[in-house]
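Trainee: Could you give me a close look at one loop, and then walk me outward from there through the rest of the model?

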Amino acid sequence: MNAQRKARTEQQRTALTGQEGAAWRRWGPYLSERQWGTVREDYSDDGEAWFYFPHDHARSRAYRWGEDGLGGISDDKQRLCLALALWNGHDPILKERAFGLTNSEGNHGEDVKEYYFYVDSTPTHSYMRYQYKYPQGEFPYNDLLATNRARGRQEFEYELLDTGIFDDDRYFDVTVEYAKAAPDDILIQITAENRGPEEAPLHLLPTLWFRNTWSWSDGTNKPEMTAVTGGKGTSVIRTTHGELGSHELHFEGDVPLLFTENETNHERLFGSANASPYVKDGIGRCVVDGESGAVNPERTGTKAAAHYTLTVPAGGSSSVRLRLAPAGTDISLTRGFDTVLRDRRKEADAFYAALTPPSLGEDEARVLRQALAGMLWSKQYYYFDLEQWLAEHGLDPWSPEAHGVRNREWFHMVSDSILSMPDKWEYPWFAAWDLAFHTVALAVVDTGFAKQQLELLLNDAYLHPNGQIPAYEWNFGDVNPPVHAWAAYFVHMIEERLTGHSDDAFLERTFQKLLTNFTWWVNRKDPDGRNVFQGGFLGLDNIGVFDRSAPLPTGGRLEQADGTAWMALYCQTMLQIAVQLAQEKPAYEELIVKFAEHFLWISASMDRIGERGDELWDEEDGFFYDVLRLPDGQATRLKVRSMVGLLPLCASTVFRPDQLAGIPHLTERLKEFGRRHPSLKATLAAAQAGKAGGARLLSVVDEKKLIRVLGHLLDEGEFLSPYGIRALSRHHAEHPYTFYVHGEELRVGYVPAESDSGMFGGNSNWRGPVWFPMNALVIRALLNLYAFYGDDFTVECPTGSGTQLNLFEVAKEISDRLGRIFLRDDDGRRPVYGGQEKFQSDPHWRDLISFHEYFHGDNGAGIGAAHQTGWTGLVATLMVVFGRLSAEDYLSRPGGRAS
């Protein structure tokens, strides 16, 4: 009973709306892990963001648009920031932010070279825990840079563990815990544990600073922080901000307080005079270089830190306590501190115990919790005013002279919000299709935040007036797959399942904005009006023979199986939403018919009657391919067996009889449509009632195509890895696809790990690894198809094994394989960590789980961005779905369970 009461406490906080709900979320993990090297901070003439603002500048140069820090927090407008800074007595600089390599420095693109973990968080951030592994020896900045630069794309990356810096366990585990006594009363405990064989010194500097908003425009009031007298045994910094008011940060002990300004050190970087002797790197210069004059003796400024000098015994630990609250709050660092911290930990335990399906084991529960913690820690304040940014480049966005400048067409856009990031170091900017998948993971832990994120990108401050959704910071005008509608419907269904409440108002708002986006797709990406779509790379980077976002070397254009399948799925999910809304508002019936008819046209375009060489379906291979249409009208299929050809399977959606019962004229309207267009007869036939309870199916693949595509999908020699579905068939390991252009051979082969090509920067690879978002869509399709075909329809899984499974069992098998990436195997090893022995066997490492961007197609090792809990956090959603819902659930209510 007590555990249930504690769980309700966080559940109640999560469910709060309005001002009270916003108050609990006002403070959170909203700092970036990397602000340097971003497009926002790039004011160069050539658009080379990595070179304009490198890591070496970050400690000395004030940021324009955001802030970064280690394990930090800020308010929801990032006005006041708090984070960790460390010095081990050997490093050349103060450790204030995570170090990593730029795109050109890493042999596989940009890559963070630190070990930090988002261990825990509740949805309201009433409790959070972060852990960072800090070496006791000099951090090997130069070694990491030089060795990685010298390695080629065929070689492994050189990681921090490879340098030997953690030998003999000479490092600190630094853990930061946050616990809110009230929405604006935050307790912080920082614990440093010495894992080494000898005592070791550690300089611990919890740092408080204001984001610099005053250096960029006249008339902006400059905030201030100053030292004030606190209670016995405490040191206090008081802050004053025109919008945020006054706060106090109380430190345990009589500790030195160091003050400087969060302003650029022009003398160090540019050889020009500073307006003040106290600049951004002043605290670091004082601590590391002994420059006492680098900090303000008046103990006032816009950046300050408490300087704890600790000696941590071998195998022992040292802790310090802090508390941040509005000035004048009666607080204590002793009275009630332990009680609040203990209560918030227990509430977090109870919250996740209630969320976790009882069928999950201890290790599965650990993976689920850390996955969702990573999702919640990956929130970031993202500020970017495009018109202002262009003006600061000296450009008028209306002028023809601005043509060619990055994001010039997006001058309407103003982002000033908390956004879910793919990875706050490698990708500290939102990406539209990533964000949609994030919400599918977030829906199981914080449905309200998931809905808010989906609506945010459809707000007029983001959505282009022409209807395009901004893609990502490096090129907002690029094209991401249109998954927003599916994500919105999924989040709606999850909320209905969890709470019993159907938020049709959310669906309607989303639907109305998506109508504009759907129209943009039809007008811009179907140039011939034949319902065969283009779209460019569509998030799949190097999956094709060509760079699909660049002009083709052959001329002509690419008709894309994935672009067309995405639009088929878009039609289906818009149709699902319209059906839901029509239950109460009959005016939506016309849009139901519109999207049903449009889907039928798209489906028919992918495989017209008769065998033709210029359509996407290849009857001989039983697979879908892109079609290259040359300037002279000739067409040829590009027979790369990849996720591109599996996506048409994902365009499968089932409708329950009771959903359609309230729309009596739909069947007759579709029959009339079929009489007018006999060429669509075969496509219409697929929408007949199924065997499982009369459900109806809209699908690009009929039963014959389904069997053939599944034969490839479930073949362990092709797509089915021990750890999920590969993005490219393993068939291409021995049979690479080749294409010749002007005498040059272009080749696509199976590459299960890092990319061997520089296409799209070389830091991602779709030619073999396992990617969670695509696997999630395949699983969704299989569940819908199961709801239509029922238990009697079975296939061999794996292909050739002789084992027959129904489609629910196939979906669960794929989900289980994905989960296996993170779980200990029979030997106690986690595939995600591959051959990294420290992570496999050390008790202080093996239960800290990294959620990578993608995974080795053969052994499941994590690859790419190491903290992309974003869409890889979908592992938590899969565990919840299959842990709580049975095959009978899908047959009894198809289309209404995690669709």
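**From one loop outward**

Mentor: Happy to. N221 sits in the loop between β12 (207-210) and β13 (224-228); helices (H or I, at least four residues) and strands (E, at least two) are DSSP runs, numbered from the N terminus. Bear in mind that this is a predicted model, where local features need pLDDT of at least 70 and side-chain atom pairs count only at pLDDT 80 or more, while totals for chains, interfaces and linings use all residues. Residues are numbered from 1 along each chain as its sequence is written, and side-chain values use heavy atoms, with hydrogens and water left out.

Is N221 buried or exposed? Its relative accessible area is 68%, so N221 is exposed; buried means under 20%, exposed over 50% and partly exposed in between, with a 1.4 Å probe and protein chains only. Its C-alpha atom lies 63 Å from that of W617, a residue 396 places away along the chain.

D168, in the loop between α5 (141-150) and β9 (171-182), has a phi near 60 degrees, a positive value in a residue other than glycine. With a relative accessibility of 56%, D168 counts as exposed. H742, in the loop between β32 (737-741) and β33 (744-748), has a positive phi of about 55 degrees, and H742 is not a glycine either. Its relative accessible area is 76%, so H742 is exposed. Most residues other than glycine have a negative phi, and most peptide bonds are trans. That brings us to a peptide bond: the one from C797 to P798 is cis, with omega near -5 degrees, and P798 is in the loop between β34 (794-796) and β35 (804-806).

A loop residue can be buried too. E261 is in the loop between β16 (257-260) and α6 (266-270), and at 10% relative accessibility E261 counts as buried. What does E261 touch, beyond its neighbours within four places in sequence? Contact means heavy atoms within 4.5 Å, and the partners of E261 are K222, S276, Y278, V279, K280, T300, G301, T302 and K303. For K280, 19 residues away in sequence, the C-alpha to C-alpha distance from E261 is 5.6 Å. A85 is in the loop between β3 (80-84) and β4 (86-87). A85 is buried because its relative accessibility is 1%. Leaving aside neighbours within four places, its contacts include L94, K95, H203 and T207.

Now to the helices. In α12 (residues 447-456), 7 of the 10 residues are buried, so this helix is largely enclosed by the rest of the structure. The buried ones are T447, F449, A450, K451, Q453, L454 and L456. They pack against β21 (379-385), β22 (414-420), α11 (432-442), α13 (484-499) and α14.

Helix α14 (residues 504-525) has a partner in α15 (residues 561-582): their axes come within 10 Å and cross at roughly 145 degrees. Axes here are lines fitted to C-alpha atoms, for helices over the stretch in contact, with angles from 0 to 180 degrees between N-to-C directions. Residues that meet across this contact include L507, F511 and W521 of α14, with Y570, M574 and I577 among those of α15. By class, the contact has 14 nonpolar, 2 polar and 2 charged residues; Ala, Val, Leu, Ile, Met, Phe, Trp, Tyr, Cys and Pro count as nonpolar, Asp, Glu, Lys and Arg as charged, and the others, Gly among them, as polar.

In the largest nonpolar core, which has 204 residues, L807 and F822 touch the most other members. Helix α15 gives the most to this core, with 15 residues. Another core, of 53 residues, lies apart from it, with L80, Y118, Y132 and A304 among its members. A nonpolar core is a set of buried Ala, Val, Leu, Ile, Met, Phe, Trp, Tyr and Cys residues joined through side-chain atoms within 4.5 Å.

F822 touches, among others, V367, F772, R830 and V875, not counting residues up to four places away in sequence. Just after α23, G790 takes a positive phi of about 80 degrees.
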